[in-house]
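Dear colleague,

Please find the structure below, handed over for your records. My notes on it follow directly after.

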Amino acid sequence: MAMLDVQDLTTHYLTMRGPVRAVDDVSFQVDKGEMMGLAGESGCGKTTVALSLLKILPQGGKIMGGKILFKGDDLVELNEKQMREIRWKGISIVFQGAMNAFNPVYKVGDQIVEAISVHESKVKKEEARKRVGKLLETVGIEPSRADNYPHEFSGGMRQRALIAMALACNPDLLIADEPGTALDVIVQAQVLRLMRELKERLNLAMIMISHDLSIISETCDKIAIMYAGKIVEQGDISSIYKEPLHPYTQGLIGAFPSIRAEKRRMTSIPGFPPDLLNPPPACRFHPRCPYVMDICKKEEPKLVKAGKRYVACHLVKKA
Ligand code: SF4
């Protein structure tokens, strides 16, 4: 069994206007030492998947169905006290735009020590301090910088320090939500290389959430593409990049430049992502799909195996 086995996860936001179907029947697995990319446009449900895994959904967010099997336990069934044992020690997250997550008036090292003390009350302060030094070293920061305030770190160092903080309680699974956002490309590349190294050195399972396919292709072993709350294609990176089968995946890949492939005109996906209060019936991508057929408006395509990947599209079922 995979370390993380998500089965038919469905999460809605209950609003005055009705339920927002942010995540619908999403299934995937991530194993030890494996890095999965979760990709798609803003608002497709990627972050809601992450928040559901940790059960830290904002007000109105509710897991409506499905299972989140983590090391054999179904997290959906656990109460808040039991979930506190999972957060940080089992599953940890580096939030989007988290470079500003440090409190500006406390030293970086003290903030990481506090995170350790809160989640592992038996660890003494002195031991936690030693751990902070090692953690900073792991992410390529001189341990003496633990005594610096966040404003004394560059953007890349703050991001690295946050990764160190997320690793403070030795989690088995690390989720990184848009880890490259707000970093320049050089620093972004360094942070991504660090994540890949950490995955290999610590045999971590990782989920990398990004709208940027180039980030995912550089770092991950496999990918799940989300559209309007659903996974439309998933499988190993190379087969999906070489030959995307779902029209949405084709559109996403066509919208990113490649420095290695032949020069070509970039394309955009026409239209806008749907309102998930009232998603389009059957295939949610049908109003934007260049290959739409009658069946696409009547029948929802199921994820079917196609070679090394799974695709939810009536075209593929017919192939
Ligand atoms: Fe396009 Fe139909 Fe496939 Fe949906 S099911 S992606 S509308 S071809």
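At what angle do helix 3 and helix 4 pack, and how far apart are their axes? Helix 3 (residues 108-119) and helix 4 (residues 125-138) pack at about 120 degrees, and their axes are 9 Å apart. Axes here are lines fitted to C-alpha atoms, for helices over the stretch in contact, and angles run from 0 to 180 degrees between N-to-C directions. Helices (H or I, at least four residues) and strands (E, at least two) are DSSP runs, numbered from the N terminus.

Before going further, please note that this is a predicted model, in which local features need pLDDT of at least 70 and side-chain atom pairs count only at pLDDT 80 or more, while totals for chains, interfaces and linings use all residues. Residues are numbered from 1 along each chain as its sequence is written, and side-chain values use heavy atoms, with hydrogens and water left out.

The pLDDT (the predictor's confidence in each residue, from 0 to 100) averages 91 over the chain, and 94% of the residues score at least 70. Among the elements of the chain, strand 4 (residues 61-70) has the highest mean value, 98, and helix 11 (residues 314-318) the lowest, 80.

The helix pair

Helix 3 and helix 4 are therefore oblique to each other; angles under 35 degrees count as roughly parallel, over 145 as roughly antiparallel, 65 to 115 as roughly perpendicular and the rest as oblique. On the helix 3 side, the contact (heavy atoms within 4.5 Å) is made by G109, D110, I112, V113, I116 and S117. Helix 4 contributes K125, A128, R129, R131, V132, L135 and L136.

An open sheet of 8 strands has the order 6-7-8-3-9-10-12-11, with mixed pairing; two strands pair if DSSP finds at least two bridges between them. Strand 6 (91-94) and strand 11 (304-306) stand at the edges with a single partner strand each, so one side of each has no neighbour in the sheet. From one strand to the next, the twist averages 20 degrees. Strand 11 runs antiparallel to strand 12 (residues 309-311), joined to it by 3 bridges; V304 has V311 of strand 12 as its bridge partner. Helix 5 (residues 155-166) packs on this sheet, touching strand 6 and strand 7 (173-177), and its direction makes about 165 degrees with that of strand 6. Helix 9 (residues 247-254) also packs on the sheet, where it touches strand 9 (222-227) and strand 10 (230-236), at about 105 degrees to the direction of strand 9.

Strand 1 (residues 4-15) pairs with strand 2 in the antiparallel sense over 8 bridges, and the two form a hairpin with 2 residues between them. Within this pairing, T15 stands opposite G18, and T11 has V23 as its bridge partner. Strand 1 and strand 4 also pair in the antiparallel sense over 8 bridges, with K62 of strand 4 as the bridge partner of H12.

With kind regards
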